[in-house]
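User: I am new to this structure and would like to learn how its features are read. Could we begin with a helix and then turn to the aromatic rings?

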Amino acid sequence: MTDTSLSAVALSPTGLVLDGREEALLCASLFYFRLPRETWEARLAQVRATGYRAIDVYLPWNFHETAPGVWDFAGRRDVGAFLDLAHEAGLAVVARPGPYICSEWDGGALPAWLGLDPDLRVRQAEPRFLDQVRAWFDRAMPLLAERQWGRGGAVVAVQLENELDFFDTADRHAYISALRDMATGHGVTVPLIACAGQGDLVGANGGVEGVAPAFNFYPDDRSPFVEAEVRRYADLTAARGLPLLVTETNRRHATLRRLMVSGATLIAPYLQASGYDFGYTPSVGNWGDPGGFMTHDYDFGGYLSPVGEARPETAEARTLTAFTRTLGARLARARTTEAEGVQDVSVTTSSSPSQLVLDGGGTVTGVPNLTDEPGTAEVGGRTVALAPHSTALVVRDLPLAGFGLPGTLAFASADLVGAGADGLRFASRVASTVAVGGETAEFAAPVVGEPLRRSVGGVDVVVRHPEDVADPDGAPAEITGPAPEAETLTAAYRRALPVRSGAVEAHDLPPSSEAVGVYRGRTHYATTLDGVEELLIEGAADIVDLALDGDARPSHVGYGGAFLVPTAGATAFTATVETWGHANFDDARLPGLALGSLRGLGKVWSVTGREDVHALWTVDGGAQWAGDPAPVRSLGGWSSTRIGRPATYRRALPVDGTSHYAFHIDGLTLPVEVNVDGEARILSPDDPWVHLAPGQGRDIAVTAPHWPGSGADGVELLRLEPVRDWRVEAQPDTALLALAGQDAEGLAIALPLSLAPGEETWLDVPVPSGGRSLRFEGEQARVSAFAGGELLGRIWLDDPHRPRFTGGDPGRLWIPGAWNSGTVRLLVRGTAGGAQPRLARVTATAAPE
């Protein structure tokens with residue numbers, strides 16, 4: 001253990017310096033909130049065995065404040081215990097308490113109820129938000145301060161906020177200053193950092209003194225331009241007397257090597273150790289098209305799977321970390337530059353490879369192979385074999401006196417993974433060259449378990465396969481065996497348990513889920529329609545299951561956008577709205593994807609009239625014509641040779657001054673600006689509706705760039721009346737867990753199980769003992785699985801109306817061994833709009849513990 005009387009952490013131009021030890025650090029993301037507590041110690045040991053000396057750890061605010069003013073730091077939420085275990089494992093910790101963390105986590109960890117305060121503005125230097133943050137930091141920061149490296153703990157840095165340069169914070173300096181002062185006020189003395197998600201240094205830390213910038217890089221692993229970009233940031237930070245800290249990046253070690261030779265001294269590939277989103281915790285709105293659901297299986301292909309399986313990249317981790325330990329301070333103090341002497345590369349490689357000039361002499365040149373094929377390169381006049389998808393780290397002219405050896409390592413195309421009085425140790429997957437002094441030796445590609453040995457220039461040299469590189473404690477690398485076979489589970493018991501409590505409250509208008517205390521879970525709505533032929537629903541999110549006179553409609557997945565529902569004269573209207581998650585990005589294309597947006601049914605209107613308003617718009621094309629009067633055209637109907645130039649269309653709408661209206665542009669293909677009575681907003685193709693309150697809409701203007709074929713298909717004005725008198729049942733996650741924990745008589749059945757659309761039932765499925773990966777098969781059904789007093793996760797079986805899933809495997813859940821009592825309880829719901837709802841079977845595969 002570290003002698004705490006001498007322990008210290010500092011941020012220097014060479015990186016994070018721990019107890020005076022200058023070393024390039026590799027750091028794995030490892031999140032306690034995505035793992036059962038029983039697995040923490042083993043998973044930390046797995047990371048340490050890869051040679052990584054650090055982990056980064058988010059602290060999700062809404063994981064610990066489960067309801068307003070209700071705090072939980074016990075059991076699986078005992079972050080202090082996790083940090084203590086990390087310290088015992090010999091791992092340093094970069095702690096990331098937010099308040100916003102992203103991490104594809106529900107709401108980016110911002111509590112759902114913040115959106116109930118219309119005057120609160122998230123991630124701003126605004127008193128209401130900062131008061132909420134202060135309450136969180138008052139609990140989180142003391143836990144971190146007590147466990148700082150200099151006080152016998154593991155915490156070596158604290159990150160404030162996360163990727164703030166993606167968000168429109170009005171006063172970044174004031175905001176980050178406020179967070180800094182909260183942290184230091186609780187005695188945090190280790191370095192404070194703030195990471196840039198897209199390279200905006202000041203956008204991340206606000207230029208605040210005492211908060212060092214860090215960077216997140218997510219390049220294409222095959223991009224030839226990585227090195228030049230990273231070197232630019234290395235130069236920017238060096239000019240400020242700071243190191244280049246890469247707090248998130250890709251997981252492949254071929255890419256991590258490119259970052260290292262380009263000047264990064266802290267490299268933290270995101271999610272090397274995967275996990276699971278237990279409970280109602282995944283987010284929505286992840287990447288690309290708006291509205292993706294994050295899977296419960298939180299996996300981006302890191303070196304440890306969500307259930308702790310070691311993947312082949314663990315050997316690459318051991319090799320690279322052994323390389324960094326061997327060179328130690330020489331590498332940390334190195335200066336990066338564009339490489340010299342690299343030529344005749346036979347495969348696609350970097351457009352500008354990097355080279356480190358080592359402290360004390362010698363260089364390390366990175367030569368990537370960005371292809372699927374083996375290749376070669378000439379480095380300093382010698383041939384280097386390049387394995388597919390690799391980056392060779394070629395060492396040249398390294399004095400060996402500091403290792404207790406004579407002479408100079410003139411050239412090595414294999415990875416230098418050890419040096420001492422007993423000689424030099426290397427690792428390689430391909431044939432390699434090692435030259436010591438004036439003697440050169442050629443080595444064939446080593447085979448696993450059969451190292452190659454010989455004396456070169458009077459020095460003992462060993463070259464072994466990367467899978468034979470030992471962990472820092474000397475244990476051999478873990479070899480992953482064949483995948484276990486899946487066992488099909490068909491036995492089940494249908495339990496006579498209620499799926500709802502039936503306790504309803506009366507509301508004039510449908511409240512948001514958060515307004516009735518559903519921060520995670522689902523909310524049920526019911527009303528009676530009288531002569532309503534069509535409904536407009538505005539603001540519903542996320543999963544909306546409607547029924548009219550008991551007839552279930554296809555599931556609607558929405559994020560605050562409006563949609564129409566024909567009623568065909570039905571009188572009974574019911575809706576169940578389940579929160580998959582709150583948005584973790586801030587996406588303006590849909591209102592429900594804004595940070596802080598609410599969930600629930602939204603507003604429900606009866607459509608009492610329609611009017612075609614596509615014509616009679618006056619056109620203002622600015623400099624595109626001269627004269628007066630303005631032309632009159634249909635909306636979007638102005639033609640011009642000036643492609644992309646804006647044109648503004650204006651008209652008065654036939655509103656009565658007392659009713660609500662919805663203005664709808666059908667077939668919108670480009671975002672447009674809509675100005676209603678002097679108030680501007682952006683209308684997107686994903687949500688081409690504008691709500692007009694009574695009195696609004698007498699003057700409306702639409703400004704759009706001219707683009708052939710981008711005119712509207714139709715433009716309508718809908719007159720609306722609110723649907724009133726609602727019966728609402730709140731069913732938060734705690735209520736669902738309580739139902740799942742009840743006992744009841746069961747009827748033995750055999751899968752497959754067929755359901756009616758909209759029907760729900762409880763099933764118990766016997767599961768073999770131990771940790772298991774569970775896979776569900778069927779169609780037109782959603783499955784929620786419970787065990788160990790927790791929601792394991794949710795699966796949406798084949799359904800044309802389900803959303804796009806992102807992240808890991810959307811069909812797999814994990815039941816940890818400690819939670820497996822021999823049964824998994826399922827809540828199965830049939831969905832409408834396709835085939836017969838059916839849970840066909842469940843398969844279980846053994847998972848490591």
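Predicted model: local features only at pLDDT ≥ 70, side-chain atom pairs only at ≥ 80, totals over all residues.

User: How many of the residues of helix α3 are buried, and which are they?

Analyst: The general idea is as follows. An α-helix has 3.6 residues a turn, so residues three or four places apart point the same way. In the present case, α3 spans residues 79-88 and is mostly covered, with 7 of its 10 residues buried. These are V79, G80, A81, F82, L83, A86 and H87. After α3 comes G90, which has a positive phi near 80°.

User: Is F293 buried or exposed, and where does it lie?

Analyst: A residue is called buried when its relative accessible area is under 20%. F293 has a relative accessibility of 0%, and therefore counts as buried. It belongs to strand β14, residues 293-294.

User: How many aromatic pairs does the whole structure hold?

Analyst: A search of the whole structure gives 36 aromatic pairs. One of them joins Y276 and F278; this pair is stacked, with 6.0 Å from centre to centre and 25° between the planes. Y276 is buried at a relative accessible area of 0%, and F278 is buried at 2%.

User: Why is the pair of W762 and F786 called tilted?

Analyst: Planes under 30 degrees apart count as stacked and those over 60 as edge-to-face, while the rest are tilted. The planes of W762 and F786 stand at 50°, so the pair is tilted; the ring centres are 5.7 Å apart. Because W762 lies in strand β53 (residues 760-766) and F786 in strand β55 (residues 781-787), the pair ties together parts 24 residues apart in sequence. W762 is buried, with a relative accessible area of 0%, and F786 is buried as well, at 4%.

User: Which residues do ring pairs link into a cluster?

Analyst: The cluster consists of F31, Y32, F33, W40, Y58, F63, F82, W105, Y270, Y298 and F300. F82 is also among the buried residues of α3.

User: Where does a charge sit over a ring?

Analyst: R782 places its charged end over the ring of W796, at 4.9 Å from the centre. R123 lies over the face of Y100, 3.7 Å from the ring centre.

Terms used: Residues numbered from 1 in each chain as written. Heavy atoms only, no water. Buried < 20%, exposed > 50% of the residue type's maximum accessible area, 1.4 Å probe, protein only. Helix = DSSP H or I, 4+ residues; strand = E, 2+ residues; numbered from the N terminus. Phe/Tyr/Trp six-rings, centres within 6.5 Å; stacked < 30°, edge-to-face > 60°. Lys NZ or Arg CZ within 6 Å of the ring centre and 35° of its normal.
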